[in-house]
Amino acid sequence: MYDAIVVGGGHNGLVAACYLAKAGLKVCVLERRSILGGACVTEELWPGVRVSTGAYVLSLLRERIIEDLRLRDFGLKVYTKDPGVFVPFGNGKQLRVWVDTRRTQKEIERFSKKDADAYARWVGFWDKFSEIVDPLMLTPPPRVSDVRELLKLADSLEFDEEFALDFARVFLTDAKRFVEEYFEAEEVRVAMVGDGVVGTFAGPSTPGTAYVLAHHVVGSVNGVKGAWGYVEGGMGGVTAALARCATSLGVEIYTSSPVDEVLVRGESVVGVRLWDGRTIEAKCVISNADPKTTFLRLLRNTDINQELLRRVSSLKTTGVSFKVVGYLSELPDYGMGVKLGSEHIASEYIMPSMDYVERAYRDALSTGFSKDPWLSVNIQSSVDPTVAPRGYYSFSVFGQYLVYSDKLDDLKPEVGRVVVDKVGEYAPNFKPIKYEVLTPLDIERRFGISGGNIFHLDMTPDQLYVFRPLPELSRYHTTIKGLFMCGSGTHPGGGVTGAPGYNAAQEVIKWLKQTTHGE
Ligand SMILES: Cc1cc2nc3c(=O)[nH]c(=O)nc-3n(C[C@H](O)[C@H](O)[C@H](O)COP(=O)(O)OP(=O)(O)OC[C@H]3O[C@@H](n4cnc5c(N)ncnc54)[C@H](O)[C@@H]3O)c2cc1C
């Protein structure tokens, strides 16, 4: 009998498994796909062309986890993405956001001197914001009774009232308003707002999106706060390093092993049954699957409070993000030629104005697909030669909005055409040799995420901290004894952070100690 079975070999499942094994427990991981990684994966879709089919850039993975699990020793290598963002506006106008604040200010000065000054305040605000939020990531969400302690922490950091008010507003307001209060030039505003709608069925003016923006600034890469990077070999490099670590700690990993049901006797978990009928026993089960999959599918034969099931069903999980992955024989020419330039290293934002992004959202609300979508083009092979044969460039376009439905297969050719044409408006030579479109329906089928939501649940404040996924499920325990959750649907949410896996493992270790003592 295992001490713990982890259902799912996504990065959070692997992080949880590593910490449990480090604590001396007998652990196995059961993954439904033939490969590990969940949405943090590299796939060779054409000979020699390796693309990140899910997540494509890294920042949020906690340094503590990288160090504890010695992931660099197990092969994790990250190239800093600098510039982080490149926005072409047409007519030769463009803006780059660099890792270095001063260098970015120089870019911004071309649009507005005032905004260049405001940029230093903007960076300062997010630095302070991260100082508060960072320690809250590797711990269960604070209880209401913990708020006094948090306020004491804020007090000791000597934040002024203006900061405190802005901090609170991040949880309430919209990304558009937050950005507009800092910056006056439209070009600067849109370069700053881009991440505010990622993975969320919301426009930049939807309340709550300021926090979506915030979630994207609380990371670091190679010691640089707020920076993002490309993982050598694609995002599967993260999960490959985790799998090596897990194996070295004695974790048993089984791929092509879909779990059909979590088995419950009385009020307690006793193990799982696989699709092939085999049953495996364990003292506890930790689900890396999203909350809807866990409660509505894996527990379908268990007697669970109907009200709880209704509330799980009503979680906001509608996927709106899509990917187009492929390869090119020439780098996109944004007016500076096809030789490798800094624009190719950056995330190339195809979103010339705030209104453009808002329209893309409103369009999708009424038709299901934005005629002019929000796009971020990333060319990993601009820094990493391991992902495409010499002379070729693998790329990923992450886009919004394409609303999840079970009828998206017929729309794929149109989505591909729209994306290629739209990038082509700014880089006319963008003509992929081959490409594949992944709709939210494909994301659901490929990664097993219900609704195809890239973060399992929207990252809006009503589904964060103690509300993620629901107050009674927010501390990784569930209403069934011995059943835990460790995926992005738990605090602190989506993105390749490793934090839900870490936090869940700590709760499991405590629980197992208590139950063993009680026996
Ligand atoms: C298209 C896309 C782009 C993204 N871009 C980024 C990005 O650039 N940067 C970033 O930080 N984040 C990004 N994200 C978000 C990030 O990838 C996810 O939040 C994160 O990888 C989720 O990790 P997880 O371990 O919580 O869950 P998952 O990766 O979803 O893993 C869950 C695992 O459980 C398995 N599973 C499910 N059901 C069963 C079952 N019944 N039996 C066995 N196994 C099962 C699944 O196959 C899967 O492997 C992106 C996501 C997507 C989809």
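How far from an oxygen atom of the ligand does a backbone N or O atom of Ile454 lie? The distance is 3.2 Å, and a polar contact here is a pair of N or O atoms within 3.5 Å. Before I go on, this is a predicted model, where local features need pLDDT of at least 70, side-chain atom pairs count only at pLDDT 80 or more, and totals for chains, interfaces and linings use all residues. Residues are numbered from 1 along each chain as its sequence is written, and side-chain values use heavy atoms, with hydrogens and water left out.

The side chain of His456 places an N or O atom 2.9 Å from a ligand oxygen. For Gly38, a polar backbone atom is 3.4 Å from an oxygen of the ligand. The ligand taken alone exposes 1000 Å², of which the protein buries 97%; these areas come from the Shrake-Rupley method with a 1.4 Å probe.

Around the ligand there are 35 residues, and Asn12, Glu31, Ala39, Val57 and Gly495 come nearest; near means a heavy atom within 4 Å. This shell divides into 19 nonpolar, 13 polar and 3 charged residues, with Gly counted as polar.

Now the helix residue. Thr239 lies in helix α10, residues 236-248; helices are DSSP runs of H or I, at least four residues. Thr239 counts as buried because its relative accessibility is 3%, the limit being under 20% with a 1.4 Å probe and protein chains only. Leaving out residues up to four places away in sequence, Thr239 touches Gly10, His11, Leu14, Gly37 and Cys40, where contact means heavy atoms within 4.5 Å.

Conventions
Helices (H or I, at least four residues) and strands (E, at least two) are DSSP runs, numbered from the N terminus. Buried means under 20% relative accessible area, exposed over 50%, partly exposed in between (1.4 Å probe, protein chains only). A polar contact is a pair of N or O atoms within 3.5 Å; within protein, one must be able to donate a hydrogen and the other to accept it, and residues adjacent in sequence count only if both atoms are side-chain atoms.
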